[in-house]
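Hello,

Here is the structure we spoke about. Please look through it first, then read the notes below it.

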Amino acid sequence: MSAPVPNALSVRGLSKTFGGQRALSNVDLDVMSGEVHALLGENGSGKSTLVKCLSGYHQPDPGARIEVGGEVLPPTYGPESATSYGLAFVHQDLGLIPTLTVAENMLLGQSPPTGFGWRAKKRQEAALARRQLTALDHPDIDPRRFVGELSVAQQTIVALARALYGAERGKLLVLDEPTASLAQSEVERLFEAVRRITEEGHGVIYISHKLDEVRALARTVTVLRNGEKVGTRTVAELSRAGLIEMIVGRPLEALYPSGSPAPHTEPVLTARGISGRRVKNLSMTLHKGEIVGVAGLLGCGKSELGRLLFGDQRLTGGEVRIEEREVRLRAPADAIGAGISMVPADRHRNGVILDHSVGENMTLLETRRYWRRGLMRRRERARTVRALMEEYDVRPRQPSRLIGLLSGGNQQKAVLAKWMHRDLKVLILDEPTQGVDIGAKAQILAQLERVATRGVAVLFISEEVDDLVHLCDRIVVLADGEVAGEVSAENKTRNRISELAYQEEVVS
Amino acid sequence: MSLTKEQSVEVTPGGESGPRGVVAKVPWGSLTDYSLPAMLAVLVAAFCILEPQTFATVQNLKTILSSNSVVAILALGALFPLIVGEFDLSVGANLGLSLILSTGLASRSGLGAPEAIAVALIASSLVGVINGVLVAKGGIDAFVSTLGMSSLITGGVVWYSNGETFATGIPHGLIVLGRNEFLGVPLPVWFLAVTVAVTYYLLAATPLGKYLYAVGGSRDAARLSGLNVPLLTILAFVVSGFLAGVAGILQAAQLGSGSPSVGPSYLLPAFAAVFLGATSFRRGAFNVPGTVTATFVIAVGINGLESIGAPFYIAPVFTGAALLTAALAARAFKARRTA
């Protein structure tokens, strides 16, 4: 192994502000040549902003100094020149084109070898690609095969090879969650390839949620929290618990005083061994008047759980009962009929019909109720809509305004009104406070508490652990589609949740 | 990221100038708009003044109304798939199918007028069912599936008619539909009036109409609101097929014969009317009154220009220009509405 001499990357005073909000403040980072440097932090801690500043996608705030292999990047540098400075990136979605061959993918955006009449020299292309793949110890991947035919693991290797090919004088490779969709044995082979890269003297930044992988692969760790650097340590000097504490930012004791948990004993929704696209053999019970949180890392299946219980994904196993009666959930209509509401994530796509009015959006579910004796009772509907806008504080109070013209917070309040203003037993919310300002967020959370006191069982799926901790009676933590554990009212803390979420093997 | 999204949503065209519609209407903010009927009135008035002898006659009015009822009914059919966010490029060919069946079955197989008409309507509706299933269940892009269907029908029509026109043995019961009058108004115009009334009622005053517009607005949000999106999509194609069938029968009745080459040329005028129609009444949304008004704006424009001596190729030029103008206008409205 070559001794880590000059820094592959040196960052000083990197800040990034978005419209008054600081996503990164004054971060310093050093990556040695020949080392794997892990970059850790919770969702929203600033990891991806940092990577995007390096790739030239974001322009850092003035005053930052980024040096790659001793060369200072100009402030105006953009994504197109990243490779020429020796920076290479492999993002989570690998960015390969499945309908092109391995070789074509690797040479895309470079200048492929061409002959007379601009004819692509296929054989030369393949040879170039093969050399890269062999360097990564993967001569088994045929450069002439289509990328779409390869396994995900092989595609990851191709993406790696392409990134390295682009940065011929590569000094720094950034890997953003490369193992997210790999099996354990495939992860090991990827690690071999990464080690080979470092042996050639490249520096590697490795971003992952999986702490055991980090501990196996990386030499040093830098942790970010709320846009600030918590610290850099060598992996050897950190215990697993110490690492989690750095990421979460609090010692491992209870933080929030436990309120007296009201006894919720009457079951409303019982799921027994349900399975779906990501969810595996999951059982849970929601009681009357209870707010149950669902936490977990990206891709753990928490969003899918909501859609599964709402009939929007096919149930491949198990059963769902509402008040002891089994319900068949083939489509959202079945769930709605059974008294289930769901406020979906990605409001612009799933929650609202942008080119419809606020009133039409709010009353879509009950359209039929206003149709009597062959006519739509417009005035009656308008009266209901106005009352709802008052109750849920949707502004401005103009029922005929197109919902797309409202702020995100007001759109979401209208969506909430649409789903809560009915005779319901179970309310599922998937990231209801996404893209919503603080004021509206407080109102939305207050509405959830209100609906729970009405006797509705609330399932609150969220990335935002603080919201869950404050609002929920108990929190179910998912990992890899299964319940990794449950955090009860007495000991619900951020740490406990993160511990469970980061746990790779579910102890059964 | 979410911040910038929010900001872009809050950019309200004309919204800063206070509540709309109180003193003066903010031109981009209002959703109802009567520029299309106004344009129709201006066109009619202008040609009446320019050509009092040829244009401004009762007979010409009747001709314009009854001959364009076919296009208007076809356009009202094409409207439905467009509302659910798809489109049906087979309406022209489907009109041809109905035309050739209603004349051919009578002329060649000796069926009576009611039977021939029934078979034609069923066939055209079936085409709609197949289109709908291909798009909604088969997941095939509407462009490909309805274009393929269009070619298939056109070929089938030529095969059935052997490329010849059915001109003899057309039953009186069919021809009457195209030539007779009721209360001084030609029968095709009555058919159009009924179609307008029914489609307008369906779309503007029933839950079904709301659901169709909801599917067109956001398929995902509609699905998550419990709507059966595939079924609604298929239904829209069935309406499109059925009305293409009605239009084909009326065309057969007016021509008094069945030619295999008539259908496809109706596609563009129908689409031009629907798109141009979306610029008025419920602006930015495909709608019934807009579609009908637009049909006659185009018809009067062409008829009037011909009567003041425009060359014979004015019709396709005028129609194409109307479609492009409408598409550009619709895009601009959409951008403003959802900016």
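This is a predicted model: local features need pLDDT of at least 70, side-chain atom pairs count only at pLDDT 80 or more; totals for chains, interfaces and linings use all residues.

Which kind of link do the side chains of A:Lys302 and A:Glu463 meet in? They meet in a salt bridge, with 2.6 Å from N to O; the term stands for a side-chain nitrogen of Lys or Arg within 4 Å of a carboxyl oxygen of Asp or Glu. A:Lys302 is in helix α8 (residues 302-309) of chain A, while A:Glu463 sits in the loop between β20 (457-461) and α15 (465-471), 161 residues apart, so that distant parts of the chain are linked.

Residues are numbered from 1 along each chain as its sequence is written, chains are lettered from A and ligands numbered from 1 in the order in which they are written, and side-chain values use heavy atoms, without hydrogens and water.

A:Lys302 counts as buried because its relative accessibility is 5% (buried is under 20% relative accessible area, exposed over 50%, partly exposed in between, with a 1.4 Å probe and protein chains only). A:Glu463, at 25%, is partly exposed. Over all chains, the search finds 30 salt bridges. Another one joins A:Glu486 and A:Arg474 at 3.1 Å, N to O. A:Glu486 lies in strand β22 (residues 482-487) and A:Arg474 in strand β21 (residues 474-479) of chain A, so this pair ties together parts twelve residues apart in sequence. Helices (H or I, at least four residues) and strands (E, at least two) are DSSP runs, numbered from the N terminus. Salt bridges with shared partners also join A:Arg307, A:Asp312, A:Arg349, B:Asp220 and B:Arg223 into one network.

The largest nonpolar core has 125 residues, of which A:Leu173 and A:Phe460 touch the most other members. Its largest share, eight residues, comes from helix α4 (residues 152-166) of chain A. A core here is a set of buried Ala, Val, Leu, Ile, Met, Phe, Trp, Tyr and Cys residues joined through side-chain atoms within 4.5 Å. A second, separate core of 91 residues includes B:Ala75 and B:Leu174.

Chain B has 14 helices and four strands, and 52% of its 339 residues count as buried.

Regards
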